[in-house]
Amino acid sequence: MPNIINDIKLDFKDVLLRPKRSTLKSRSDVDLFTEITFRNSKQIYNGIPIIASNMDTVGTFEMAKALAKYGLFTTIHKYYSVEEWTNFAAENPKDLKYVAASSGTGKEDFERLSNVLTSVPELSFICLDVANGYSQHFVEYVRKVRAEFPNHTIIAGNVVTGEMVEELILSGADIIKVGIGPGSVCTTRMKTGVGYPQLSAVIECADAAHGLKGHIISDGGCTCPGDIAKAFGAGADFVMAGGMFAGHEECGGDTIEKNGKNISFFMAWLQIQQ
């Protein structure tokens, strides 16, 4: 028999932030930089905790250079060569503290990740990204990467429940990506019926992570700045976005013309889906 969860679960669209009295005169008075010490790597991050997704059209070196100027982070997609990584590091050494190298869980993925980290020793963030963060193979891969790179900060995901957040943190991850299906181009819910309302997932996973001194990323579901604020209000330490960063000059992909304007193929695809 299936296990039916009857209690209410919420997405960003289901809630608003209740205002409270403040001494701030303007939103511009808020310092968005935050300092975080990671559980397993012991490294310290200081920046604005908003991350560009490692989608191949968004997680580009050009995006990283643009966002790093403002203290924002980019998870670089996994399709760049070691030579391209080396060139980026040589030309933009100060930006390396705001980027992560992404990897899947295959043998070739691990070899490529190892080559990148060996060639760019200043790079200290790793993003392990799979569609199903619930497989035992993924847990074992996180342990393998932690053993090989004990001083790197590891991002791992995606999951949506507290017990898996705890499993990944105890296996060596520092930051857990939370979100299955909320992204604007994700088809997981439609194809498999698997997912979890994002706001509730963040609340539950943040509680699990913070109990172990770990951290989480709310990954997906943000369509406007207000959604990012809601994710932080729910307990996220970082917020990752893809669609909100898409369609800019720094993005990859082909450019097409629609209604007399040049837009990225990715943005055109989004408009077709609407």
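**Entry 1: D219 and K177**

I looked up D219 and found it buried, with a relative accessible area of 15%. The model is predicted, so I note these values as computed from it. Which residue does D219 form a salt bridge with? The partner is K177, and the closest N and O atoms are 3.1 Å apart. I then checked K177. K177 is buried too, because its relative accessible area is 1% and the cut-off for buried is under 20%. Next I placed both residues on the fold. D219 belongs to strand 9 (residues 215-219) and K177 to strand 8 (residues 175-178). The pair therefore ties together parts that are 42 residues apart in sequence.

**Entry 2: the barrel**

I followed the strands. In what order do the eight strands close into a barrel? I read 3-4-5-6-7-8-9-10, with parallel pairing. Strands 8 and 9, which hold K177 and D219, are both in that order.

I picked out one pairing. Strand 4 (residues 73-76) runs parallel to strand 5 (residues 99-103), and three bridges join them. I76 has A101 of strand 5 as its bridge partner. Helix 3 (residues 107-119) packs on the sheet. I see helix 3 touching strand 5 and strand 6 (125-129). The direction of helix 3 makes about 155° with that of strand 5.

**Entry 3: E167 and R143**

I turned to helices 4 and 5. E167 and R143 form a salt bridge, with 3.2 Å between the closest N and O atoms. Where do the two residues lie? E167 is in helix 5 (residues 162-170), and R143 is in helix 4 (residues 136-148). E167 is partly exposed at 28% relative accessible area. R143 is also partly exposed, at 38%.

**Entry 4: K13 and D14**

I looked at K13 and D14. Their side chains meet in a salt bridge at 3.3 Å, N to O. Is K13 buried or exposed? K13 is exposed, with a relative accessible area of 70%. D14 has 40% relative accessibility and counts as partly exposed.

**Entry 5: the whole structure**

I closed with a search of the whole structure. How many salt bridges does the search find? The search finds eight. I also noted a network of salt bridges that links D7, K9 and E204.

Definitions and conventions
Residues are numbered from 1 along each chain as its sequence is written. This is a predicted model: local features need pLDDT of at least 70, side-chain atom pairs count only at pLDDT 80 or more; totals for chains, interfaces and linings use all residues. Side-chain values use heavy atoms; hydrogens and water are left out. Two strands pair if DSSP finds at least two bridges between them. Helices (H or I, at least four residues) and strands (E, at least two) are DSSP runs, numbered from the N terminus. Contact means heavy atoms within 4.5 Å. Axes are lines fitted to C-alpha atoms, for helices over the stretch in contact, and angles run from 0 to 180 degrees between N-to-C directions. A salt bridge is a side-chain nitrogen of Lys or Arg within 4 Å of a carboxyl oxygen of Asp or Glu. Buried means under 20% relative accessible area, exposed over 50%, partly exposed in between (1.4 Å probe, protein chains only).
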